2 protein chains.
Amino acid sequence: MNKQYLVEQIRLKRTFLCVGLDTDLTKVPPCVLDADDEPIFTFNKAIIDATAPYCVAYKPNLAFYEPYGLQGWEALARTAEYLRENYPDHFLIADAKRGDIGNTSRQYARAVFEDMDFDAVTVAPYMGEDSVIPFLDYDGRWVVLLALTSNRGSQDFQLMVDDQGERLFERVLRRAQDWASDERMMFVVGATQGRLFEDVRRIVPHHFLLVPGVGAQGGSLEDVCRYGMTPRCGLLVNSSRGIIYADHSERYAEAAAEAAKTLQSEMDEMLKKYSEL
Amino acid sequence: MNKQYLVEQIRLKRTFLCVGLDTDLTKVPPCVLDADDEPIFTFNKAIIDATAPYCVAYKPNLAFYEPYGLQGWEALARTAEYLRENYPDHFLIADAKRGDIGNTSRQYARAVFEDMDFDAVTVAPYMGEDSVIPFLDYDGRWVVLLALTSNRGSQDFQLMVDDQGERLFERVLRRAQDWASDERMMFVVGATQGRLFEDVRRIVPHHFLLVPGVGAQGGSLEDVCRYGMTPRCGLLVNSSRGIIYADHSERYAEAAAEAAKTLQSEMDEMLKKYSEL
C-alpha cells in the first residue's frame, strides 16, 4: 500500500487507528477457548470483523504467536491471509522488531513479505544500515524503524547524547533518511514521550509515525496529536489491550467494536483540530 | 547449563566452537533436497552428528527457519529437541535478536525457553532494561545481549560517543551488569572488531562473549583470542557457513566435520597460548 492510499483511507474513514492483535490465550474470553480448536484465529477473526470500520491498520505482534509453536505460527499466517483477502484496504504491519546482519535480515524479510503478505515490518536499528536495507528490497513494502519507544527502558540508550548534542533516537531518524524516503519508511515513537514528538518532527516532518502506548501504557492521544500530527495526519496510533480485551464475556467482539469506535470518534476530532484532512 | 559446566566442556574437549545452524534450502546439497520431505531437519541432524565432537554449542538462527512457515518452525523445534535429547552437554543458543516492551518480551521468552528448550537467546538492547529483564526470569537460562556486532552497520550507532567519551556499546556492557551477572549473561562481539576486544574486556573481564564473524565475514581467530580470551576462555566463537556449507556433494557432513575439526585444533592451540585451561 502506498502512502497516498493510506492517507486517503484516513481521510475517508476519519480514523488513524491501528488495532494491535496481541492475542494471548490466557486473556481471551473463556467462550473462545471452549468453543473451538483454533482459538487464536477465531478470536482474531471476530476482533477484525468487529473493528474494521474504525481502523486503517492491523498489527499482530509476532511475540504473542511464537510461544504456541506450530499452532501459533499457523494462526498468525491464517490471520494475515484473512486480512489480506477480506480487508484489502487495511495496512498490515508485522510487529517483529527484527534486525540482523544482511544475509540474515534477508531471511526475516522473506518470512514477513513472501511467506506472509504483510505491508510493513517493525525493525530494530541497533545493528545499523546493512541490517535494515534487506527489508527495503521489496517494492511497495515498508520498514517501521524503532526510534523512541514507549517503555521505561527507552531512557537507557535512546536518549544517550553525543558530543554534538544529538541523541541516539535523533541519529537513528537522521541516518535512516539516507536509506529510504517517507514513502517506504515509518518510525516507532511511543505515545508516552509527550513533547519529544516535537523533536522527532524537527527531523522527520513528513514521515508516518507508528505510535504505541495509548491506553494500557498511559500515553495521551491529545498530546500525541498536538505535538506529532502533520497536515496529512502522519500518525498511526496503535491500541491493543484496550480494544481486544475490552470485555471478557461472549460479547467481547461487540465491546472491542465499541472501544474502537470511541477511539475513532476521538481521532476524528483530532484530525479536524490538527490536520488538513 | 551453568558457566562452570560450560568451561569444563571447553577444557575437556579443547574447543570453544559454536556451530551456527543457519540452514538455507537454497544452499543445502541437492542430495538432501532429493531424498527427503523434511530436508531442513535432515540436514541439521547430519551436521550435528558430524560436528558434535568438535564444538560445545549450537546456534540455530531463527531467521533461516521463519521463511518456511510451518515447515520451518517444525524443523527448528525438532532440531532443538534432537539436540536436547542426544547432546545434553552442548549449550543451545536461539539466535533470535528479540526485544520488546516487558509483556511482549515475556512472550518471546516463553517461545524459546518453554515451547523450545534453549539454554540462551540473543537479545537486542535498543529498548533498554525492561525489554531484557523478562528473558532473565528463567532460572539457569542465559541472555546473550548484542554489544558490538560483526557487520559494517555496527559503526552506525554502536560506536556513538557520549559527552563523557563512552561509546554506546560500552554503555550497553556497563548497564547490563546491573541486570544480571556473568553467570546469566553473555555479550555478542563480532570477530571483525579486532582490538576493540580490549575495550570490551576492560568493562566485562569475566563474561563469556559470543563471537560471530570468523570465516565468511573475515574475522581472525588469533586476534579474537589475543585480545578477548580470559584465563577461563570466556569465548564462544561461532562459525556457520564455513562449516555447514563446506561441501555441496553427498559428503557434506564429512566435510563439515573436517572443517569443525580444523577449527577445534586451532582453538586447542589458542587455549594453550592464551588461557589457563
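Colleague: At roughly what angle do the axes of helix 8 of chain B and helix 9 of chain B cross?

Modeller: First, a caution: this is a predicted model. In it, the two axes cross at roughly 25 degrees and come within 9 Å. Helix 9 of chain B covers residues 196-203.

Colleague: What makes helix 8 of chain B roughly parallel to helix 9 of chain B?

Modeller: Set the angle against the cut-off. Angles under 35 degrees count as roughly parallel. The crossing is at roughly 25 degrees, so helix 8 of chain B is roughly parallel to helix 9 of chain B. The crossing of these two helices is right-handed.

Colleague: Which residues make the contact of helix 8 of chain B and helix 9 of chain B?

Modeller: Helix 8 of chain B brings B:E170, B:L173 and B:R174. Helix 9 of chain B brings B:D199, B:V200 and B:I203. By class, that contact has 3 nonpolar, no polar and 3 charged residues.

Colleague: Now the cysteines. Why is A:C233 called buried?

Modeller: Count its neighbours. A residue is buried if 20 or more other C-beta atoms lie within 10 Å of its own. A:C233 has 26 other C-beta atoms within 10 Å, so A:C233 is buried. A:C233 lies in the loop between helix 10 and strand 8 of chain A. Its phi is positive, about 80 degrees, although A:C233 is not a glycine.

Colleague: And in chain B, is B:C233 buried or exposed?

Modeller: B:C233 is buried, because 26 other C-beta atoms lie within 10 Å. B:C233 sits in the loop between helix 10 and strand 8 of chain B. B:C233 has a positive phi of about 80 degrees, and is not a glycine.

Colleague: Why do we say the copies meet through the same surface?

Modeller: Because 100% of the interface residues of chain B are also interface residues in chain A. The contact takes 50 residues from chain B and 50 residues from chain A.

Colleague: Which helix of chain B gives the most to the side that touches chain A?

Modeller: Helix 5 of chain B, with 8 residues. The residues on that side of chain B divide into 19 nonpolar, 15 polar and 16 charged.

Terms used:
Residues numbered from 1 in each chain as written. Chains lettered and ligands numbered in written order. Predicted model: local features only at pLDDT ≥ 70, side-chain atom pairs only at ≥ 80, totals over all residues. Contact = placed C-beta atoms within 7 Å. Helix = DSSP H or I, 4+ residues; strand = E, 2+ residues; numbered from the N terminus. Nonpolar A, V, L, I, M, F, W, Y, C, P; charged D, E, K, R; others polar. Axes fitted to C-alpha atoms, helices over the stretch in contact; angles between N-to-C directions. Parallel < 35°, antiparallel > 145°, perpendicular 65-115°, else oblique. Left-handed = near helix turned anticlockwise from the far one by under 90°. Buried ≥ 20, exposed ≤ 12 C-beta atoms within 10 Å, placed from the backbone.
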